[in-house]
Amino acid sequence: MNYVPFGATGQQVSEMCLGTMMFGDRCDQAESDRILATAMEHGVNFIDTAAMYVNGGTETILGNILKGRRDKLFIVTKVNSIDPDVIRTSIDESLKRMQIDAVDLYLLHWPKAGMNPTAMMAALNEVVKAGKARFVGCCNFPAWLLAHFNAIAAPNNWPRLVCNQIPYNPIERGVEVEVLPLAVADNIAITVYRPLIFGILAGKYQPGAPIPEDSRGNTDARIPRWLEKYGEGITRFNQFAADRQLHPAQLAVAWLRYSPAVTTPIIGVSSARQLEASFPGFEVNLSDAEYAEVTGMFDTAVKEEAGGAFAGLRRD
């Protein structure tokens, strides 16, 4: 496992971040324990969770399986509220469930209408000053909003947002316009969820074939829509992987790792077996030509009338 700098924090984290959203949902505590053990055996030291996962159930499971492991891990959790008071209290609830004294990173889960950025940053500052989190960050923030929050932090000498967690893959590429260039310019860590876009880039669904009955594709309208819209590209993607003796999921991870703006893909699984299959993707390094070919399979680059291209962050 490779280790990479986590933005401007001075911390080193594993290039794979273990996502725990399935803990307590698609897998029980025993399997969650096996997943965490497998990840750590392969050198993973970075785990991601959130207060809203299984209504706190995921953090509760982590509290039961982190014993004897906490000091070896960089732990991230999130608060799903813009209310400054909830930002202050949610961290206490998370720490109690996980049976730890502090997290390494505390994230605002979603931006929402009606936010008071100054009050929110003040609340995050209190969390850090109280020793309950070492660093703070955000998820799903547009570039302007992240810059705005950090502009508030600077004159107040408050901790800045050091991370933005976003969805990114060859189909969802809007972040290439502003979010990724800002991250590189300001040394913001980028952690990526949805790297396999619900299994579409993992061979779980085949364009033109029936949606598996027990899959998310039967309840999430985006999946059949994407399969129809990008079916030709998905077929080419799968064949490109097969020609190189790769699983499609490994190719999807390798595509993300090519970007200098991406710190870590988040890999969420429901079994240790699935996790084992994910590791080879972190050993695959695409050439410039291979990256360009894969990216070109999907007509998903955001077209702008103005603005420049950023080498290595977007292709056009």
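**Close-ups of a predicted model: rings and pockets**

At 2% relative accessibility, Phe141 counts as buried (buried is under 20% relative accessible area, exposed over 50% and partly exposed in between, with a 1.4 Å probe and protein chains only). Everything here comes from a predicted model, where local features need pLDDT of at least 70, side-chain atom pairs count only at pLDDT 80 or more, and totals for chains, interfaces and linings use all residues. Numbering starts from 1 along each chain as its sequence is written, and side-chain values use heavy atoms, with hydrogens and water left out.

**View A. Phe141 meets Phe149.** A search of the whole structure turns up 10 aromatic pairs (rings of Phe, Tyr and Trp, the last by its six-membered ring, with centres within 6.5 Å; planes under 30 degrees apart are stacked, over 60 edge-to-face, the rest tilted). Here the ring centres of Phe141 and Phe149 are 5.1 Å apart and the planes sit at 75 degrees, so this pair is edge-to-face. Phe149 is buried too, at 0% relative accessible area.

**View B. Trp255 stacks with Tyr291.** This pair has 5.5 Å from centre to centre and 20 degrees between the planes. Trp255 belongs to helix H9 and Tyr291 to helix H11 (residues 288–295), so the pair ties together parts 36 residues apart in sequence (helices are DSSP runs of H or I with at least four residues, strands are runs of E with at least two, numbered from the N terminus). Both Trp255 and Tyr291 are buried. Ring pairs also join them with Tyr168 and Tyr258 in a cluster.

**View C. Arg244 over Phe240.** The charged end of Arg244 sits 3.5 Å from the centre of the Phe240 ring (the cut-offs: NZ of Lys or CZ of Arg within 6 Å of the ring centre and within 35 degrees of the ring normal).

**View D. The largest pocket.** It holds about 1,400 Å³ of space (a pocket is an open set of points on a 1 Å grid over the protein atoms alone, where a 1.4 Å probe fits, with protein on both sides within 12 Å along at least five of seven lines; lining residues have an atom within 4 Å of a point). Of its 44 lining residues, Met22, Phe198, Gly199, Gly268 and Val269 are the closest to the centre. Helix H9 (248–257), strand S10 (264–268) and helix H10 (272–278) each give two or more residues to this lining, with H10 providing the largest share, four residues.

Technical notes: Points joined across faces, edges and corners; volume = space filled by probe spheres on them.
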